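Please have the sequence and the structure open while reading.

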Amino acid sequence: MEIKRAARYALRRTLPPWRFDECLAELLDFCREASIDEVILKADVEEFSHGIPTVEWLEAYKPKMQKARDELKKIGVAFSLNPWITVGHLDRGRDLRKIFPDFNWMVGHRGETCNAVACPLSEGWREHTKKLWRIYASLEPNVIWVEDDIRTFNHTPIDFGCFCEKHLEMFSKRAGEKV
């Protein structure tokens, strides 16, 4: 009698570049032991994160992600990706303005400006994100997870969404008066 599993087991995991091979071996062993069905590889996360990645950083990390994908596939584990950064969670002391001079940054309702959280209406950010997501898609993951930083609130140092000139113009059009 075949036993059917009632759940699919997906594991989110980071493989830092400086310990990649060691962490990948550990991950593969754990997947076998714990009957993991899918690994959601997270790129450059939490304390390791540099914020919004550059295309160059992601291209350099891509061969490692390919290796992880291929090794997981060999043991029957699906490969997915969580890019971790979309617009950025919060500044965390970073200043990405010189790295991405063509980005517009989120502006709070009191006028404070983020240094590492992009405005989602920024054309520079949108073009950059297309490049990054093409790299992610080229890995042919099972799923590319949309990170929760795409939210409109809680992007310290701002609290309640973006109030940049582009957003204020959009709000004004929708409200039918200047805001």
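At what angle do α2 and α3 pack, and how far apart are their axes? The angle is about 15 degrees, and the axes are 10 Å apart. Because angles under 35 degrees count as roughly parallel, α2 is roughly parallel to α3. Axes here are lines fitted to C-alpha atoms, for helices over the stretch in contact, and angles run from 0 to 180 degrees between N-to-C directions.

The model is predicted: local features need pLDDT of at least 70, side-chain atom pairs count only at pLDDT 80 or more, and totals for chains, interfaces and linings use all residues. Residues are numbered from 1 along each chain as its sequence is written, and side-chain values use heavy atoms, without hydrogens and water.

Next come the nonpolar cores, which are sets of buried Ala, Val, Leu, Ile, Met, Phe, Trp, Tyr and Cys residues joined through side-chain atoms within 4.5 Å. Buried means under 20% relative accessible area (1.4 Å probe, protein chains only). The largest core has 23 residues, and L15, M65 and L72 have the most contacts inside it. At least two residues each come from α1 (20-34), β2 (38-42), α2 (55-74), β3 (78-82) and α3 (123-138). The largest share, 6 residues, is from α1. A second, separate core has 21 residues, including I52, F103, A116 and C164.

Terms used: Buried < 20%, exposed > 50% of the residue type's maximum accessible area, 1.4 Å probe, protein only. Helix = DSSP H or I, 4+ residues; strand = E, 2+ residues; numbered from the N terminus. Parallel < 35°, antiparallel > 145°, perpendicular 65-115°, else oblique.
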